[in-house]
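Hello,

Here is the structure I promised to hand over. Please open it alongside this note; what I found follows.

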Amino acid sequence: MKGYRKTGVFRLLEIAGEKRTLLTLSAVMSCAGSLLQLLPYLSAYFVLTEVLQYRTTPAAFDRNTLVFWSWVAGVSMIASLVFTYLAGICSHIAAFRILYGLRIRLAEHIGRLPLGFLSATSTGAIKKVLETNVEKIENFVAHGIPDCVGSLAMTVFIGAGLFSIDWRLALVALLPLAVAWFLLLRIVGGGKSEDFVRQYQDAMERMSASAVQFIRGMPAIKTFGQTVRSFRSFHGDIVKYRDFAIMLTLVWQNGFVGMQVILASVAAFILPAGLLLLHGYGDPAQAAAFVMTLLLALIVAPGITTPFTNAMMTALSMNRITEGVSRIDAIFATPPLREPRESDVRIPRAFDVAFEHVSFAYVGSEEAGENFRRPYALQNVSFTARERRITALVGPSGSGKSTVAHLIPRFWEILDGSIRFGGVDIRNIPTPTLMESVSFVFQDTFMLQDTICENIRVGKSDASQEEIVRAAKAAQCHDFIERLPHGYDTKIGEGGVCLSSGEEQRVAVARAILKNAPILVLDEATAFADPENEHRMHAALRELMKGKTVIVIAHRLQSIKNADQILVFKDGRIEERGRHEELLLQEGIYYRMWEACMDIESWTLDHRERLQANARCSA
């Protein structure tokens with residue numbers, strides 16, 4: 001049907017792809033194992049029949065029949081265990097392969113999404129999808145599918161067997177199952193149950209996201225002597241999840257208890273019905289035969305409740321699986337940044353960076369259905385950062401400087417205009433080529449939970465140890481790395497080893513030096529450098545910037561006064577441009593910023609002089 005989209009287990013099987021063969025094999029073996037589990041009960045019936053026949057007509061007794069059915073019982077039990085084990089092996093292999101492939105596909109897809117997706121979606125929510133939702137799918141595939149198939153097969157086999165021996169007893173045995181199924185549908189059936197599951201998943205996501213924020217803010221929380229109760233968002237999400245879980249338990253408890261009681265009372269239904277039917281037999285032989293049939297029903301029929309319960313529990317979990325699959329699909333449905341068609345691919349030969357009438361606004365307002373439009377972060381911005389030259393971006397906070405830096409590697413998709421490398425629109429450059437062309441040193445540095453060596457190797461995946469050490473020396477971080485417990489092989493975060501912000505930034509500079517890309521973007525690269533090492537950082541950066549197109553974002557105007565071009569941003573527009581001396585002569589925004597910087601420095605000097613004078617007076 002056109003427009004039909006698979007959901008639930010059908011979508012899960014679609015995700016499984018080529019692993020469906022293993023799942024089918026697991027289902028077949030599970031059915032075989034269920035059928036073999038019934039043979040010992042059937043064997044016991046025939047053995048009891050022979051024993052009863054021996055007591056009534058000893059001449060008709062056949063010892064070989066007893067031996068045969070005894071062997072059938074033993075072999076079938078062993079065979080059922082083997083088939084059940086093989087079914088579990090096949091389902092687990094399929095589950096772990098699906099789990100691996102799904103997580104890899106999700107990670108690769110998220111890596112191709114614009115930063116807008118990561119900004120609009122909390123880290124905790126993404127973590128929950130990658131871990132919890134995918135893990136539940138793995139558990140359902142590994143255990144739920146073979147258990148459900150085996151349980152349904154067992155229920156069908158037992159029901160068919162009961163109908164074959166006495167249809168009246170079969171109907172009585174199946175009556176509790178019908179009542180239990182009706183109660184189950186009343187409890188969790190329909191859209192109300194789906195809403196409950198969705199609310200449960202939402203509550204879990206909110207709590208997970210708040211937990212991530214709580215852990216990240218732990219230093220501030222401890223500093224001010226706060227607790228989880230003071231972290232209102234996290235505490236509120238925990239309380240909401242608790243209240244929802246209690247409410248859900250209260251809504252469902254009566255129905256579930258009643259369902260379990262009914263399922264445990266199958267024999268209580270069969271025995272009165274059997275005794276009532278027994279009164280209808282006047283012939284002692286027929287009555288004796290019916291007693292054996294009733295005995296078999298009492299033995300076998302209660303066994304139908306366990307597989308039926310397992311099947312119901314699996315059916316209950318389908319709501320969670322369906323919701324989890326829909327959240328995974330929501331990520332896959334988010335379109336990645338468009339890659340150029342093969343006919344449109346262009347490779348830049350020069351590396352000047354040109355913004356041509358670029359306008360950009362961050363994601364949020366209209367997609368979220370809000371009534372306001374988020375203002376432009378950049379509006380009609382045009383400039384060219386020449387190759388082998390330094391272009392500095394300055395301006396008040398929120399003026400658009402960092403946005404320019406994020407648009408150069410196409411972390412976001414612009415609304416209007418174009419960004420070009422050497423005259424080639426970056427939308428026509430394949431992403432791997434684009435990433436190879438740009439190095440970044442941002443103010444917020446991200447460190448992998450890995451060794452220092454591997455953190456530097458991020459800049460060049462095939463770099464040798466010698467290249468890594470050279471880059472570290474150039475970035476002025478070799479000395480502090482050597483003082484770590486295991487040098488370059490020290491794992492960050494292991495054994496309490498953590499780097500300061502300044503050390504992390506120097507490692508980021510080492511990455512950029514190692515990568516040696518023709519375009520370099522620096523966003524306050526020396527922001528966390530201590531005074532003793534700041535001049536060494538500047539020396540490293542000067543070495544790094546040689547022969548490259550450099551775009552520097554700086555608040556310390558002293559550090560960029562020798563730039564070839566300075567762009568002054570305000571409210572997403574370029575208000576002034578030129579060299580340091582030219583901008584001072586204009587006596588505009590840059591002039592006032594420079595005067596403010598000079599005032600701060602002079603105030604610091606005056607303050608020190610006053611302290612020294614006070615000290616002399618005190619002496």
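Two strands count as paired if DSSP finds at least two bridges between them. Helices (H or I, at least four residues) and strands (E, at least two) are DSSP runs, numbered from the N terminus.

This is a predicted model: local features need pLDDT of at least 70, side-chain atom pairs count only at pLDDT 80 or more, and totals for chains, interfaces and linings use all residues. Residues are numbered from 1 along each chain as its sequence is written, and side-chain values use heavy atoms, with hydrogens and water left out.

The sheet: 6 strands form an open sheet with mixed pairing, in the order β6-β7-β8-β3-β9-β10. β6 (438-441) and β10 (573-578) are at the edges with a single partner strand each, so one side of each has no neighbour in the sheet. Strands β3 (residues 390-394) and β8 (residues 549-553) run parallel, joined by 4 bridges. Thr 391 has Ile 551 in β8 as its bridge partner.

The cores: a nonpolar core is a set of buried Ala, Val, Leu, Ile, Met, Phe, Trp, Tyr and Cys residues joined through side-chain atoms within 4.5 Å. Buried means under 20% relative accessible area, exposed over 50%, partly exposed in between (1.4 Å probe, protein chains only). The largest core has 46 residues; Ile 456, Ile 560, Ile 566 and Tyr 590 have the most contacts inside it. Helix α18 (residues 501-515) gives the most to this core, with 7 residues. A second, separate core has 32 residues, including Phe 351 and Ile 429.

Best wishes
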